[in-house]
Amino acid sequence: MAGMTSPTLIIGGTGKTGRRVAARLQERCLPVRIGSRDGTPPFDWEDRATWAPALQGTRAAYIAFYPDLAVPGAPEAIAELARVALAGGTRRLVLLSGRGEEEAERAERELIASGAEWTIVRCSWFSQNFSEEYLRDHVMAGQLALPVGDVPEPFVDVEDIADVAVAALTDDRHIGELYELTGPRLLTFADAAAEIGEAAGRTLRVAPVSEQDFAAGLAHDGVPGDVISLMRYLFSVVLDGRNASVTDGVQRALGRPARDFRAYAARAAAAGAWR
Ligand SMILES: NC(=O)c1ccc[n+]([C@@H]2O[C@H](COP(=O)([O-])OP(=O)(O)OC[C@H]3O[C@@H](n4cnc5c(N)ncnc54)[C@H](OP(=O)(O)O)[C@@H]3O)[C@@H](O)[C@H]2O)c1
């Protein structure tokens, strides 16, 4: 807990995991600085001149890269961010990573080689994609029109990710650990749809579409080409079955089991996510 009076920079501090990490640190009366394009000072992945001022005087940083560590240039950005952080005296770096992504693993290796006091939180697909992200629109439309089959995914609750990230930011025992985080159960998208439908009291089903039709639909909605490429990659390569296994990462990091998808769905429904 040494040096805890200096702030922790939460990059992506307004996003799904980052805002929960920030809230938990603030509940513990630990100072945080929100890394955001609207932050003070601002942090922008697209403008490297913002990185050193945002890191200045911080003891640690939580790093949620945007849009995804799988995109070209992400490993180089992580290497450079770590270099800037260490040069300014920010030694503790906790990286949010993605499971089954070659570029993400390259970014992880850059962090490990940087000399930082690192922890990697390598995650499966977030449950909250269904309530706080693009999949919410599908839920509201009553069908998940996605290029998915029966490949199961162990969706992880971002509340667990935030708990692990906060532990890593505040407890030296997590330095040098790579935690692979999943939920406790494998669910196909049809399983997830059934459980969300039940919790939300609405009819929800999977309407499988081809990858080409999925991409064409995104283009029709004005989604930029690089984001469409990323989505295609996530739904084809990353969802090819490589991640169809559960891990004990939450248990190993926190000494308790991972939260279940059914509990997530009940909580999100009660909070009005699908009203
Ligand atoms: N979603 C998943 O299922 C999943 C699974 C595994 C890993 N991941 C990883 O999680 C990370 C975040 O993904 P997410 O989907 O959860 O998104 P998110 O954190 O909810 O994304 C939004 C955040 O990104 C920030 N942001 C956007 N553009 C930015 C820019 N140019 N510079 C600085 N910050 C910027 C936003 O900040 P402002 O708008 O305030 O600037 C906001 O805080 C990615 O690295 C991804 O690889 C995601």
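This is a predicted model: local features need pLDDT of at least 70, side-chain atom pairs count only at pLDDT 80 or more; totals for chains, interfaces and linings use all residues.
Residues are numbered from 1 along each chain as its sequence is written. Local features need pLDDT of at least 70, side-chain atom pairs count only at pLDDT 80 or more, and totals for chains, interfaces and linings use all residues, while side-chain values use heavy atoms, with hydrogens and water left out.

**The ligand**

The shell holds 25 residues, and the closest are Thr14, Ser36, Arg37, Phe65 and Asn129. Colour the shell by class: 10 residues are nonpolar, 9 polar and 6 charged. Here Ala, Val, Leu, Ile, Met, Phe, Trp, Tyr, Cys and Pro count as nonpolar, Asp, Glu, Lys and Arg as charged, and the others, Gly among them, as polar. Strand β4 (residues 92-98) gives the most to this shell, with 3 residues. Strands (E, at least two residues) and helices (H or I, at least four) are DSSP runs, numbered from the N terminus.

Next, show polar contacts, meaning pairs of N or O atoms within 3.5 Å. At Trp45, a polar backbone atom is 2.9 Å from a ligand nitrogen. At Asp68, a side-chain N or O atom is 3.3 Å from a ligand oxygen. At Leu69, a polar backbone atom is 3.4 Å from an oxygen atom of the ligand. Of the 890 Å² of accessible area that the ligand has on its own, the protein covers 87% (Shrake-Rupley method, 1.4 Å probe).

**Helices α8 and α12**

Select residues 189-200 (α8) and 261-270 (α12); these helices pack at an angle of about 40 degrees, with their axes 8 Å apart. Axes are lines fitted to C-alpha atoms over the stretch in contact, and angles run from 0 to 180 degrees between N-to-C directions. Contact means heavy atoms within 4.5 Å. On α8, show Ala192, Glu195, Ile196, Glu198, Ala199 and Ala200; on α12, show Phe261, Arg262, Ala265, Ala266 and Ala269. By class, this contact has 8 nonpolar, no polar and 3 charged residues.

Go to Pro41, in the loop between β2 (32-35) and α2 (51-55). The peptide bond from Thr40 to Pro41 is cis, with omega near -5 degrees.

Then select Pro67, in the loop between β3 (60-63) and α3 (74-87). Tyr66 and Pro67 are joined by a cis peptide bond, with omega about 5 degrees.

Finish at Cys29, in the loop between α1 (18-27) and β2. Cys29 is not a glycine, yet its phi is positive, near 60 degrees.

Conventions: A residue is near a molecule or strand if one of its heavy atoms lies within 4 Å of it. A polar contact is a pair of N or O atoms within 3.5 Å; within protein, one must be able to donate a hydrogen and the other to accept it, and residues adjacent in sequence count only if both atoms are side-chain atoms.
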